[in-house]
Amino acid sequence: MKRVVIGTAGHIDHGKSTLIKTLTGIQTDSTKEEQQRGLTINLGFAHLDLPSGESVGIVDVPGHEKFIKNMVAGAIGIDLVLLVIDAHEGIMAQTREHVAIMTLLGIKNYVIALTKVADVDPELKDLVYLDIHEQFQGTPLENAPIVETDAIAGIGLDELKQVLDEVSQSVRSEALSLPARMNIDRAFSVKGFGTVVTGTLIEGQIKVGDELFVYPAGIKTKVRSIQIHEEEQPVAEAGNRTALNLTKVTLDDIGRGNVLSQNELEPTYMLDVKLHCLEHAHQPIELWDRVHLHIGTREVLARVVPLGQEIIMPGSDGYAQLRLEEEVAVKRDDHFIIRSYSPVDTIGGGMVLDTHPQKHKRFNEEVIESLEIKEAGDLSDIILDFMNRRTFATISASEIADYLNEEPEQVDEALDKLVAQEQLTLFGHRYNSTERIEDLIGTMMQLLKDYHEKYPVRNGMPLEEFRSNYNKLAPRDLSAIMKELETRGLIAIEGEFIRSADFELELDEAQQALKDAMLNELKTAQLQPPTYEELVGKSAERKEMLNSLLDEEIIQLDRITFIHKEVYEQAVEAVVHHIQEHGQITLAEFRDLMDTSRKYSLIFLDYLDEHGITKRIEDYRVLA
């Protein structure tokens, strides 16, 4: 069953609210001020039962120029527009602006209600028809059905319901498989219930008991109850006009402009967009123009940075980056409106292409090519562009679908195709661009090659040092790529060292003699080793040889104390045996056991404590 929301549009006093009240029996001008002034200030809501039995939501948005921003907020989530035109006055300035806004917001389904026809002069009515056909030529309203109505005289109401029913059947169903998301257009408190918010659920499903996030603050809340068309429901689906009773939030936490989302969103201060400058705009959109950005039900100030061209002329399209003065939480393909800073007029709008872009050079061909793919490429191209241009990280299919705001089934199909074409590589259940992986593998292998050339007597690079070169990678991703290197036979990992698989340590006679001499010195010294200065002195060759033998044949107990590995292993064996026999070992007992000094006994036992072999209790050690 399709879930349809109908929005009204039209100039002030053309009869929107009266028509809706007559059709539905609901007064959408709900506040005293609205009723006294005879115009809609805030959003009004109603529902209508159509001849087919379907119940549709209706959003009655303001028509007065001063309240145009409320009109933009009401247009979010609308599937079908009922454009109201007074038969006595025809198309007015706000009528055109409303149509421009609806078109920029991507709405394609329209029905035109010609109101107040009971006493209109036939010739004047014919002129209005002519005006409608001329002004809407080449727009989504070009073939919109026109129904003559008069709410007071009761003319055309049944016909209008029938036409709305027919057009509603052509409205596509929203994707229910996407995570739930709703832009809040009203928030208020109900005594005994707490915080209530309303909006049109634009994606997914919300059930009673669901936990949701409130953005941009990221606050968690829970759904206590759901109302649709003033009736309690267990679930709301995309397309429903919905009222949610929420827990854990107050009106200080939530209000119009916030977004409710089932998945975590990342608020942003920048958006890459496709932008259309309206033909009636008084001037082109230029670099650093300050504008009012209306997106979802939120309004923020922003600066425009045209990309690939100096300016965007009236009546033309272009790419741009919007630099926002406040964060927003939106998704790719969301539509928006921009209005000039002062005086405030609607000048354009468009669609979000990237919610978390980098700052771009304005005339970078690669950037423009990427934006073209984001706008018009097929899903495989969009995924590949996304993967190639993000920082290196593996990512799951669900994360890709959520970021790109695409249905999971379609994303899975595109990912399978890209893996088969070897354009993406699959690590377990996570993906990355094959091109990026190969680039990273190349840099890793070059890093090891450079290390081997610089330190030819070392058997490899310490793993900790290798990993530190890629500390911007998630540990999971670094482990995955290192495992890939091992699988391909490109590296060898031995103990705490990593080396190129084709690297072989070859010492010349002088190097071998130096190695033997240093090992002999340490082995002879047992647990009374030479100082660092005595062992290395100022010799760069001895220092390098010491580093090459660390953890392989020499153990470093502290910053300046080194012993032979065989001596270390014998001492550990003696300590373990003593504790197993006596239950513990003291510093003095170790000193006597190993015939060493108190100084080196303390250094050695502290090292065992640090490495989890022993544990100190008061003045003795036990096995850890």
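Biologist: In which helix is the place of tyrosine 129?

Modeller: This is a predicted model, so local features need pLDDT of at least 70, side-chain atom pairs count only at pLDDT 80 or more, and totals for chains, interfaces and linings use all residues. Residues are numbered from 1 along each chain as its sequence is written, and side-chain values use heavy atoms, with hydrogens and water left out. Helices (H or I, at least four residues) and strands (E, at least two) are DSSP runs, numbered from the N terminus. Tyrosine 129 sits within residues 122–135, which is helix 5.

Biologist: Which residues is tyrosine 129 in contact with, leaving aside its neighbours within four places in sequence?

Modeller: Contact means heavy atoms within 4.5 Å. With those sequence neighbours left aside, the partners of tyrosine 129 are Leu114, Ile146 and Glu148.

Biologist: How far apart in space are tyrosine 129 and methionine 444?

Modeller: In sequence, 315 residues separate tyrosine 129 from methionine 444. In space, C-alpha to C-alpha, the separation is 71 Å.

Biologist: What is the separation between the centres of domain 2 and domain 4?

Modeller: Domain bounds come from an automatic or database domain assignment. That assignment gives domain 1 (5–170), domain 2 (181–261), domain 3 (268–367), domain 4 (377–506) and domain 5 (527–623). Taken over C-alpha atoms, the centres of domain 2 and domain 4 are separated by 41 Å.

Biologist: Why do helix 1 and helix 6 count as roughly perpendicular to each other?

Modeller: Axes are lines fitted to C-alpha atoms, for helices over the stretch in contact, and angles run from 0 to 180 degrees between N-to-C directions. Angles under 35 degrees count as roughly parallel, over 145 as roughly antiparallel, 65 to 115 as roughly perpendicular and the rest as oblique. Helix 1 (residues 16–24) and helix 6 (residues 157–169) have axes 11 Å apart. Helix 1 and helix 6 are therefore roughly perpendicular, packing at an angle of about 90°.

Biologist: Which residues of helix 8 and helix 9 make the contact?

Modeller: The axes of helix 8 (residues 379–389) and helix 9 (residues 397–404) come within 12 Å and cross at roughly 100°. So helix 8 is roughly perpendicular to helix 9. The contact is formed by Ile382, Ile383, Phe386 and Met387 of helix 8, with Ile400, Tyr403 and Leu404 of helix 9.

Biologist: At what angle do the axes of helix 18 and helix 19 cross?

Modeller: Leu587, Phe590 and Arg591 of helix 18 meet Arg598, Ser601, Leu602, Phe604 and Leu605 of helix 19. The two axes come within 9 Å. They cross at roughly 110°.

Biologist: Is aspartate 595 buried or exposed?

Modeller: Aspartate 595 is in the loop between helix 18 (587–594) and helix 19 (598–610). Its phi is near 55°, a positive value in a residue other than glycine. At 61% relative accessibility, aspartate 595 counts as exposed.

Biologist: What is phi of tryptophan 288?

Modeller: Tryptophan 288 lies in the loop between strand 16 (268–277) and strand 17 (289–295). At 45% relative accessibility, tryptophan 288 counts as partly exposed. Its phi is positive, in a residue other than glycine, and near 70°.

Biologist: What is omega of the peptide bond from tyrosine 215 to proline 216?

Modeller: Proline 216 is in the loop between strand 10 (211–215) and strand 11 (219–228). The bond from tyrosine 215 to proline 216 is cis, with omega near 15°.

How values were computed:
Buried means under 20% relative accessible area, exposed over 50%, partly exposed in between (1.4 Å probe, protein chains only).
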